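Dear colleague,

Please find the structure below for your records. My notes on selected parts of it follow.

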Amino acid sequence: MDFDKYDEHKRRPKGYTCRIALQPNPYSILGLRDWERVRQLFDQFAFRNAATEIERLEQEMRTGLASKAGAGKYFTESQCDAVTCLHDVLNMLECWDNGDFTAAWKHWTEPTMAVRLYRAERAIGLPQAVEDLEQQAGLLVQTDDAKSLFDQHRAVKRGNNKPEESIFNEPDRLLIYAYDELDKIDRLIRFNNDYRSAFLRSAGLDELLLKARVAILWFKPSAQLPPWPNMRERFNGIADHSSAKNLREFLLGISADGLSSTHELQVKFWYWDGTKDKQDNFYFKSAYSSSSKRLDEYWKGLPLDHETLVVLRGEAIHTHLSIPRPIAEDAYRIACCALNDFVLKWAPLLGKPWSPYQKWDMTWEQLCEHCHIDFLPALPKPKEKTHDQIPVSC
């Protein structure tokens, strides 16, 4: 009840000035439906859309939502700052989800982020790929120049100054990247329904691990490489190679005629010979590795065979080939088994330790707690569509 005049003598409102006042809708004032939407987007890893919603909510909290209540102000400055902190974290997570570890790390370390996170005592757990790959290795420098970007990516595989600095010689970096990529593929299938991208990334990860196996035969302590000239350039040929079929057959022990061979195996790699100012090639032989190590057919028993994966990948790259979900899931299973085989049988050959992978699984409630979003009422979590895990058996 509201009134316009008050009787001081009787100490009550004057009846003829009383009226029923409309109370502000808490769903409107607090933006509760919008917050529910943000929570759903976060749970679906749709960080970009969640950040967009949060940015709008923050603007309304500072202006629009407060004015709907009349002269009163519903949100304090610290509460608005907490939402700004949440917005920045979502921007960082968006960069990570897009594979841009450099931008994600920049979001995290810029002064504005540090100031806004002081209340959270930096308790917000970073995805491991952002913290370990970018902080420790400094993989890339942000650039809009295509050639510079290509050179930086190539240096990750080749090594900045020498082959020993290649990611293939550092199982810690390689495995964190591979596990993080596998999680992204899983999200592309289960949350984004982007089956074509998931298929291409699965095949790409599988090829990267095949290449890493050959690089390990080069780097392993017992390797006996000939005293070649242009050693760096020759390793570049391995790092730049892009034929999954050739790599697979060499590692399986299949000779050039397509038959299983007990003789010396070799694979041809091309490289740029600066002394001759032309492209040259060399043969990398299995004997150099001082090992009879052969690739296990980790795709055995899976619905999709490896040769079909490689062929379909080429078709999907060069044409608009539609990939149905079952095939995307089968490619994901091959990538899972490829990584499992690599971890168990190939990475140990380098004789170097690596950190266990920690899957990023922060909940919405935990994120709100860290950012001090403590002014929202506890609402029942809406029933959402389930996203069942993709079964994998290697």
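In these notes, a residue is called buried under 20% relative accessible area, exposed over 50% and partly exposed in between (1.4 Å probe, protein chains only). Helices (H or I, at least four residues) and strands (E, at least two) are DSSP runs, numbered from the N terminus. The model is predicted, so local features need pLDDT of at least 70 and side-chain atom pairs count only at pLDDT 80 or more, while totals for chains, interfaces and linings use all residues. Residues are numbered from 1 along each chain as its sequence is written, and side-chain values use heavy atoms, with hydrogens and water left out.

In helix H11 (residues 231-240), the buried residues are Arg-234, Phe-235, Asn-236, Gly-237, Ile-238 and Ala-239. Their cover includes helices H8 (146-158) and H10 (195-219) as well as strands S3 (266-273) and S4 (278-285), where contact means heavy atoms within 4.5 Å.

Helices H12 (residues 244-252) and H13 (residues 306-318) pack with their axes 10 Å apart, at an angle of about 160 degrees. Axes are lines fitted to C-alpha atoms, for helices over the stretch in contact, and angles run from 0 to 180 degrees between N-to-C directions. H12 is therefore roughly antiparallel to H13 (angles over 145 degrees). Ala-244, Lys-245 and Arg-248 of H12 meet His-306, Glu-307 and Val-310 of H13.

Gly-125 lies in the loop between helix H6 (111-116) and helix H7 (128-137) and is partly exposed, at 31% relative accessible area. Beyond its neighbours within four places in sequence, Gly-125 contacts Trp-360 and Met-362.

How values were computed. Parallel < 35°, antiparallel > 145°, perpendicular 65-115°, else oblique.
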